[in-house]
Amino acid sequence: MSGMVTSAHPPRRDETERADGSPVRIGALVPLSRPGWAEAGRHLLAGLELAVGEVNDAGGIGGSPLELVVRDTAADPWRAAAAVDELAGLGVAALAGEYHSVVARAAAARADALGLPFLCSSAVIDTLTERPTHRVARIAPAQSHGWRTYADFLLGAGHRRIAVAAQPSVYWASGTRILRDHLAARGATVVELDMTEQPATAVCDALAEQRATALLLLVGHPEPAVSIVRSVRQDPRLADVVIGAPAGHPEFAEWAGALGAGIPFLRYLPERLGPLGARVGTALRERLGQPPSFVAFEGYDTVAVLAAVLRDHGADRARVAASWPHIAVEGTRGKIRFSRTPGIGVWQWAWPPVQVVDRDPAEPARFRILYNG
């Protein structure tokens with residue numbers, strides 16, 4: 001694994017080379033069971049584990065093995081917070097992972113309270129923490145950055161009347177607000193359809209009445225997402241309505257199998273991977289038995305950063321947390337550096353590459369790049 005860290009604080013030899021050869025531990029939060037998005041969790045874990053294996057093949061952390069201590073969050077914020085307590089007690093040097101934004105918020109709050117550095121892999125909600133903290137950093141782009149890119153894609157495709165079918169959630173509400181504010185400032189309108197108050201079939205009448213040309217799914221899978229998509233696609237009045245899902249779920253085979261192709265979504269990959277990304281992509285494909293999602297690359301990049309930090313700063317938690325603004329690590333999707341971004345209280349990679357893509361209806365295994373952010 002290649003990686004480079006620059007820092008104002010040179011490492012002390014005894015911090016990374018442990019006399020007893022004991023492992024340097026990283027705690028990993030991953031949704032591996034329902035109601036969590038287990039397929040995303042499997043991809044995230046594949047990336048984390050591949051990177052850890054490569055670190056150890058290259059000699060570990062100062063001669064000590066790097067060990068991943070995995071806990072299944074099952075998309076449960078309370079379970080995640082309890083896991084953070086457990087992992088902190090086990091002596092992990094840092095925390096990594098998580099896919100679900102609401103869960104990551106709970107984990108970040110608890111990690112911050114315990115003084116445990118947390119590098120979040122995939123959760124995008126802007127308010128990952130309620131107050132600014134130096135202990136938390138994030139690999140994934142903030143929701144406001146990605147979803148504004150999605151809104152620009154809609155505008156570029158000629159959509160000015162957009163409907164959002166949403167369920168109650170801090171994450172969905174945040175996404176709706178980002179879309180509404182960005183689109184309204186450019187002359188477009190957003191109609192909000194509360195899916196707690198109407199059946200999927202009622203969405204069709206609302207779309208027709210509002211003359212919407214795009215419907216965005218901010219709802220759970222399989223229901224009510226499957227029912228909404230089937231109803232819209234079967235309604236002759238809505239033949240030209242584009243169905244989108246900005247959150248990125250159509251990346252995964254489970255979603256695509258139920259809802260089909262042609263649904264634009266966000267993913268965080270460059271148009272072409274460089275040599276490191278291509279090599280890692282091949283290894284991830286072998287490990288997963290299918291093409292890796294962007295989430296798998298996020299997992300790999302998380303460990304790439306943490307391994308470089310641990311080599312340079314040792315396993316002291318305070319020194320790890322202090323290292324975020326000094327990092328420059330070559331990741332699978334570009335150079336990773338962290339900075340402070342207005343409105344975001346954690347150290348943020350600004351920005352990973354952002355695309356809007358869909359699955360080709362004629363060849364669902366093939367992704368079409370519709371827009372580069």
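How are H2 and H10 oriented to each other, and why?

Reply: First, the ground rules. The model is predicted: local features need pLDDT of at least 70, side-chain atom pairs count only at pLDDT 80 or more, and totals for chains, interfaces and linings use all residues. Numbering starts from 1 along each chain as its sequence is written, and side-chain values use heavy atoms, leaving out hydrogens and water.

Now the pair. Helix H2 covers residues 38-57 and helix H10 covers residues 275-288. Helices (H or I, at least four residues) and strands (E, at least two) are DSSP runs, numbered from the N terminus. The axes of H2 and H10 come within 10 Å and cross at roughly 120°. Axes here are lines fitted to C-alpha atoms, for helices over the stretch in contact, with angles from 0 to 180 degrees between N-to-C directions. H2 and H10 are therefore oblique to each other. The cut-offs: under 35 degrees is roughly parallel, over 145 roughly antiparallel, 65 to 115 roughly perpendicular, and the rest oblique.

The crossing of H2 and H10 is right-handed. That word applies if the near helix is turned clockwise from the far one by less than a right angle; anticlockwise is left-handed.

Which residues meet? H2 brings Arg42, His43, Ala46, Gly47, Glu49, Leu50 and Glu54. H10 answers with Arg279, Val280, Ala283, Leu284, Arg287 and Leu288. Contact means heavy atoms within 4.5 Å. By class, the contact of H2 with H10 has 6 nonpolar, 2 polar and 5 charged residues. Nonpolar covers Ala, Val, Leu, Ile, Met, Phe, Trp, Tyr, Cys and Pro; charged covers Asp, Glu, Lys and Arg; the others, Gly among them, are polar.

Next, H3 (residues 77-89) and H4 (residues 101-114). Their axes come within 8 Å and cross at roughly 30°. That makes H3 roughly parallel to H4. The contact of H3 with H4 has 11 nonpolar, no polar and 2 charged residues. Among the residues that meet are Ala80, Val84 and Asp85 in H3, with Val103, Ala107 and Arg110 in H4. The crossing of H3 and H4 is right-handed.

H5 (residues 143-156) and H6 (residues 170-184) come within 9 Å, axis to axis, at roughly 50°. That makes H5 oblique to H6. Their contact has 8 nonpolar, 6 polar and 2 charged residues.

Now the core. The largest nonpolar core has 127 residues; Leu215, Ile228, Val305, Trp324 and Phe338 touch the most other members. Such a core is a set of buried Ala, Val, Leu, Ile, Met, Phe, Trp, Tyr and Cys residues joined through side-chain atoms within 4.5 Å. Helix H11 (residues 294-313) gives the largest share, 13 residues. Leaving aside neighbours within four places in sequence, Trp324 contacts residues including Phe118, His134, Val305, Phe338 and Trp347.

Last, the backbone. The His221 to Pro222 peptide bond is cis, with omega near 5°. Pro222 sits in the loop between E8 and H8. Ala350 to Trp351 is also a cis bond, with omega near 0°. Glu98 has phi near 75°, a positive value in a residue other than glycine. Glu98 is buried, at 0% relative accessible area. Arg211 has phi near 55°, again positive, but Arg211 is exposed at 59%. Buried means under 20% relative accessible area, exposed over 50%, partly exposed in between (1.4 Å probe, protein chains only).
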